[in-house]
Amino acid sequence: MYKTYKVLDADAHIAEPYDLWSDFMESEYYDRRPKVGPREEWEWSGGKGMWFLPGELFPEGTRRKGTIQGGDNKRKAVQKVEDFIPQKFGEAFEAEFSAESRVFDMDRYGWDKQVLIDNFPLPMRAITEGADQDLLWACARAYNNWARSFADTDASKLKMVGVMPDQHDIPGLVKEARRVIEELGAVTVVVPRPAKGRPWNHADYDSFWALAEELAFPMSFHGVRSGDPHVGTRYQPRHMVSGPEVALEHAMGFSFENMISLGHMVLLGLLEKFPKMRISLLEGNAGWLPFWLGRLDDHCLRNSRQGMWFDSEALPLKPSEYFKRQGFVACDGDEFGLKASVLLVGEDYIVWNTDYPHDDAPDPDRAVESLLEQDIPESSKRKILWDNSVKLYGDRILA
């Protein structure tokens with residue numbers, strides 16, 4: 001606890017060890033596993049410089065020419081990270097964010113439970129023409145089995161999340177999602193980007209959404225694109241250079257993609273079709289919620305100015321009503337627009353996250369206090385820090 005507050009971190013991150021693929025890949029696929037570049041050639045510590053050798057999933061490897069991707073600008077950015085991250089995370093950085101160091105920090109900062117979202121492992125994000133789907137599912141099982149072992153360090157505090165590959169077949173998606181919930185005890189599944197030519201509202205995905213209702217777990221949208229291109233692709237990729245374009249891409253990326261995902265799930269009928277499915281929009285702030293729900297409502301009501309665009313049979317509920325029935329959004333404790341969301345949408349739909357241990361996460365010793373300093377009701381603070389996450393994740397989070 002933090003003072004008198006129970007604290008549940010709805011979206012923290014799990015840091016891959018040097019080479020989980022060698023440790024967790026099934027024997028049948030071991031020789032085809034993604035092979036990590038030499039540890040001594042990491043560009044900086046903590047796993048951030050991980051790169052893959054040429055192989056089946058990455059025919060050309062993932063390391064670009066030169067020791068530092070992006071030249072002098074990137075070199076300066078790397079130096080900046082090396083300057084402040086050791087001070088920001090201390091012993092946890094030195095321990096490469098091990099499970100043990102995480103539990104130590106949780107006790108130190110008063111965080112009772114953490115939901116461990118994936119850290120964008122490249123083999124799970126690979127879209128490789130002609131890649132063997134069975135190999136990709138083997139990678140998914142390896143990653144999820146490792147995540148389970150990480151959480152087992154203190155299963156009452158650390159809550160595993162199921163991760164699916166972006167390149168997938170639907171039967172495999174349902175099978176692995178069922179496995180991580182029923183057998184591994186995950187509290188949620190991170191929604192992957194849709195298969196090419198089959199948006200999330202395609203009938204083929206119905207069995208995936210139906211599984212969330214059957215097993216009573218939430219679907220987590222973590223800045224995932226609902227289609228191509230990603231909203232930030234008109235700017236330089238943020239991991240290649242530094243500067244204002246990088247900042248702009250990062251500012252818009254997760255928030256805009258979460259807005260698109262919510263709009264897709266509502267206007268294309270998925271929350272209507274699966275009324276017991278809970279969803280969360282993570283790591284993109286909460287301040288956009290009043291504007292976006294109001295605009296979606298305005299586009300769906302016949303007597304509204306923008307209702308002319310919804311040239312179809314009206315949805316039984318307004319988009320804001322679907323969200324309030326099934327949705328949650330994650331906030332940063334120090335974000336500017338939080339008060340507006342609490343006042344205009346309500347205190348029952350917002351959860352809190354640390355984004356630990358990302359470089360740009362709030363300083364861990366200020367993460368809770370910054371939320372408590374917000375000019376919002378006391379009841380809102382307690383709900384955001386604990387109650388709403390329990391409603392989102394269900395009884396599994398309390399085990």
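**Figure 1. Proline 357 sits in the loop between strand E9 (350–352) and helix H14 (367–372).** The bond that links proline 357 to tyrosine 356 is a cis peptide bond, with omega at about 0°. Helices (H or I, at least four residues) and strands (E, at least two) are DSSP runs, numbered from the N terminus. What you're looking at here is a predicted model, in which local features need pLDDT of at least 70 and side-chain atom pairs count only at pLDDT 80 or more, while totals for chains, interfaces and linings use all residues. Residues are numbered from 1 along each chain as its sequence is written, and side-chain values use heavy atoms, with hydrogens and water left out.

**Figure 2. Here's another cis peptide bond, running from aspartate 228 to proline 229.** Its omega is near 0°. To find proline 229, go to the loop between strand E6 (219–221) and helix H9 (244–267).

**Figure 3. Phenylalanine 97 isn't a glycine, yet its phi is positive, at about 55°.** Look for phenylalanine 97 in the loop between helix H3 (91–94) and helix H4 (99–109). Phenylalanine 97 counts as buried because its relative accessibility is 6%. Buried means under 20% relative accessible area, exposed means over 50%, and partly exposed is in between (1.4 Å probe, protein chains only).

**Figure 4. Alanine 216 also has a positive phi of about 55° without being a glycine.** This one is in the loop between H8 and E6. With a relative accessibility of 41%, alanine 216 counts as partly exposed.

**Figure 5. Helix H7 covers residues 170–182.** (The expected span is 1.5 Å times one less than the number of residues.) Among the buried residues of H7 are Ile170, Leu173, Val174, Glu176 and Arg179. What covers them? The cover for the buried residues of H7 includes helix H6 (133–151), strand E3 (158–160), strand E4 (162–163), strand E5 (189–190) and helix H8 (206–215). Contact here means heavy atoms within 4.5 Å.

**Figure 6. Zooming out, the protein chain has 15 helices and nine strands.** Its C-alpha atoms fill a box of roughly 65 × 50 × 45 Å along the principal axes. Buried residues make up 57% of the 399 residues. Take contacts between residues at least 6 apart in sequence: 73% of them join residues at least 24 apart.
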